[in-house]
Amino acid sequence: MAQRSDILAARTSVAAACRQLAEQGLFIGTAGNLSMRVGDLVAVTATGLVLAQATPDDISVVDASGTVVEGELAPTSEVDLHLGVLAHHPAGAVVHTHAPWGTALSLVLDELPCVHYQQLVLGGAVPVVPFAVFGSPELAASVDAALTGRQAVLLANHGTVTTGSDLSAAVQNAVLLEWVCALYARARGVGEPRPLTPADQQAVVVAATARGYGRTHKAAQA
C-alpha cells in the first residue's frame, strides 16, 4: 500500500508536470491529462482542471477500479485509459495531450513513419489509433493495444498519448513526440519525408548500445 508521504509527493510531481507541459504548449486550457503510478494507486489529474494552474489539491488518487481514495475532485474522463495502460504495460506514468503538431498529424496520417533516430526511444513508427469518443471504452482499448512494444501513439482527430518508466520519462516522451511531429510536418511541406529503413534503425540501436548514447560518462584520462 502506498505511504501517505509517497502519495503527497506524487500529487506534487503530477501538478508540477502539468504546469511544465502547459508552459511548453502541450497542455492547453483544460485539454489533456496525466497520471503517475504510486504503489498500488494512481495519481491522476482532475476533470476540468486548468492544467497551467495545477496544484497538488487538483490531483486525485484512485485505486485500480477508478474509485477516488485521496482528494476531493473527480478524476479526468480519460481515467480508464490511464488505468488500462498502467495495468497492462511496464509504464510508471501516462501523458495525454492535444499538442498542436501531434494533433494536426492525427488528422491526416495512419502512421507517423520513423524519420529520425531519436524516434526509436518511442518505439519507432508511431501508429494512429482510430477515432473514438473521449472517455470511451473503445478509445481506452485501442490505446492499450497500440502501445504494445512502444511508448507513443497518436489518437485520430484527437491528440497524443505517451508513456514512460516514470513521470519524467513520460513527460520527456511527450515533448519528443511533439518535436518529431513538427519535424515531419515541416519536412512534408518541402517534399516527401524519407523514413529510416529497418537496417538504419538497427544500426542506430547497435551504435547507441555500444556507446551508451543518452547517458553521461566519465571523461577518458590522459
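Helices (H or I, at least four residues) and strands (E, at least two) are DSSP runs, numbered from the N terminus. The model is predicted: local features need pLDDT of at least 70, side-chain atom pairs count only at pLDDT 80 or more, and totals for chains, interfaces and linings use all residues. Residues are numbered from 1 along each chain as its sequence is written, and side-chain values use heavy atoms, with hydrogens and water left out.

**Exercise 1. Work out how H2 is covered and how it packs on H4.**

Step 1. Count the buried residues. In H2, 7 of 10 residues are buried, and the helix is mostly covered. The buried ones are Val 79, Leu 81, His 82, Leu 83, Gly 84, Val 85 and Leu 86.

Step 2. Identify the cover. It includes E1, strand E2 (41-45), strand E3 (59-62), strand E5 (93-97), H4 and E9.

Step 3. Two packed helices are described by the angle between their axes and the distance between the axes. Axes are lines fitted to C-alpha atoms, for helices over the stretch in contact, and angles run from 0 to 180 degrees between N-to-C directions. The axes of H2 (residues 79-88) and H4 (residues 137-146) come within 9 Å and cross at roughly 30 degrees. H2 is therefore roughly parallel to H4. Angles under 35 degrees count as roughly parallel, over 145 as roughly antiparallel, 65 to 115 as roughly perpendicular and the rest as oblique.

Step 4. Assign the hand. The crossing of H2 and H4 is right-handed. A crossing is right-handed if the near helix is turned clockwise from the far one by less than a right angle, and left-handed if anticlockwise.

Step 5. Read the interface. From H2 come Asp 80, Leu 81, Gly 84, Val 85 and His 88; from H4 come Leu 139, Ala 140, Val 143 and Asp 144. These residues divide into 5 nonpolar, 2 polar and 2 charged. Ala, Val, Leu, Ile, Met, Phe, Trp, Tyr, Cys and Pro count as nonpolar, Asp, Glu, Lys and Arg as charged, and the others, Gly among them, as polar.

Step 6. Turn to the H4 side. Leu 139, Ala 140, Val 143, Asp 144 and Ala 146 are the buried residues of H4. They pack against H2, strand E7 (126-129), E8 and E9.

**Exercise 2. Describe the packing of H1 on H5.**

Step 1. Take the axes. H1 (residues 4-23) and H5 (residues 167-188) have axes that come within 11 Å and cross at roughly 15 degrees. The two helices are therefore roughly parallel to each other.

Step 2. H1 passes H5 in a right-handed crossing.

Step 3. Name the residues. H1 supplies Ser 13, Val 14, Ala 17, Gln 20 and Leu 21, while H5 supplies Leu 167, Val 171 and Val 175. The set holds 6 nonpolar, 2 polar and no charged residues.

**Exercise 3. Decide whether Arg 11 is buried or exposed, and find its partners.**

Step 1. Arg 11 is in helix H1. Its relative accessible area is 9%, so Arg 11 is buried.

Step 2. A polar atom of the Arg 11 side chain lies 3.2 Å from the backbone oxygen of Pro 56.

Step 3. Not counting residues up to four places away in sequence, Arg 11 touches Pro 56, Asp 57, Ile 59, Val 61, Glu 70 and Gly 71.

How values were computed: Contact = heavy atoms within 4.5 Å. Buried < 20%, exposed > 50% of the residue type's maximum accessible area, 1.4 Å probe, protein only. Polar contact = N/O pair within 3.5 Å; in protein donor to acceptor, adjacent residues only side chain to side chain.
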